[in-house]
Amino acid sequence: MIVTPRIAVRIALILIVTVVLQVSFFSYLSILGAAPYLVPVVVVSLGLLGGGLVGAVCGFVAGLLMDSVLLQTLGVSSLVLLLIGYLAGRYREGIEITSGIVPALLAGAFTLLASAGFAAIELMLGVDAPVSVLVVREILVQGLVAVILAFGVYPLVRRILRPALVDYTPASARRLLGGGRRRRGAHRRGGVSSAAGGRARTVIHGGARS
């Protein structure tokens, strides 16, 4: 990903909108007793598109925004989201994504890792939190919901950041390339037709001479 000032603004807006949606909407939903966790899905998507550095920076900023909005201990969310953003980016740098289901599965796996990391850090910090099978079930449900969310989030983020992607070809260039292919194809077909017509005329003239 080529991060220009315009793309940086787009990434910042993506992160801000994600945190606002998480705090104001997704936090109030309940699916099998667990609230969907959108932030890791977006961070993983940015890491898969931009690489390890972009994923780490986006994870840190998203975590800082989350901690600031929720008035939590600063750095807890940043540490976990920075890690999963970096790991997602490193995966993208080492392995090519050839299937549309891979980003969704990765988002689910890294969301599981993020939820477990949050629980572990809260325990280490002495935060009063119930430790039971319900916590494990909540983490698993968040991972499964993240897989479903990623089928829509990853293509949307990719579309927003498409001009910055290395494999992106502008529409004008595609039209030029398509026109060039059509002209070359027409030239070849015209050459073959002319050659065939010439052979036909030779045969006719030859028959007349005989």
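These questions and answers set values from a predicted model against the definitions behind the terms.

Residues are numbered from 1 along each chain as its sequence is written. Local features need pLDDT of at least 70, side-chain atom pairs count only at pLDDT 80 or more, totals for chains, interfaces and linings use all residues, and side-chain values use heavy atoms, with hydrogens and water left out.

Q: What makes up the secondary structure of the protein chain?
A: The protein chain has seven helices and zero strands. Helices (H or I, at least four residues) and strands (E, at least two) are DSSP runs, numbered from the N terminus.

Q: Why are helix 2 and helix 5 called oblique to each other?
A: The axes of helix 2 (residues 38–50) and helix 5 (residues 101–124) cross at roughly 125° and come within 9 Å. Axes are lines fitted to C-alpha atoms, for helices over the stretch in contact, and angles run from 0 to 180 degrees between N-to-C directions. Angles under 35 degrees count as roughly parallel, over 145 as roughly antiparallel, 65 to 115 as roughly perpendicular and the rest as oblique. Helix 2 and helix 5 are therefore oblique.

Q: Which residues make the contact between helix 2 and helix 5?
A: Helix 2 supplies Pro40, Val41, Val44 and Leu48, and helix 5 supplies Pro103, Leu106, Ala107, Phe110, Thr111 and Ala114. Contact means heavy atoms within 4.5 Å.

Q: What is the make-up of this contact by class?
A: The contact of helix 2 with helix 5 has nine nonpolar, one polar and no charged residues. Ala, Val, Leu, Ile, Met, Phe, Trp, Tyr, Cys and Pro count as nonpolar, Asp, Glu, Lys and Arg as charged, and the others, Gly among them, as polar.

Q: How does the span of helix 2 compare with the expected one?
A: Helix 2 has 13 residues and reaches 18 Å from first C-alpha to last, close to the 18 Å expected at 1.5 Å a residue. The expected span is 1.5 Å times one less than the number of residues.

Q: Why is Gln22 called buried?
A: Gln22, in helix 1 (residues 5–24), has a relative accessible area of 4% and is therefore buried. Buried means under 20% relative accessible area, exposed over 50%, partly exposed in between (1.4 Å probe, protein chains only). Beyond its neighbours within four places in sequence, Gln22 is in contact with residues including Pro36, Tyr37 and Met66.

Q: Why is Ile160 called partly exposed?
A: Ile160, in helix 6 (residues 133–160), has a relative accessible area of 32%, so Ile160 is partly exposed. Not counting residues up to four places away in sequence, Ile160 touches Arg10 and Ile14.
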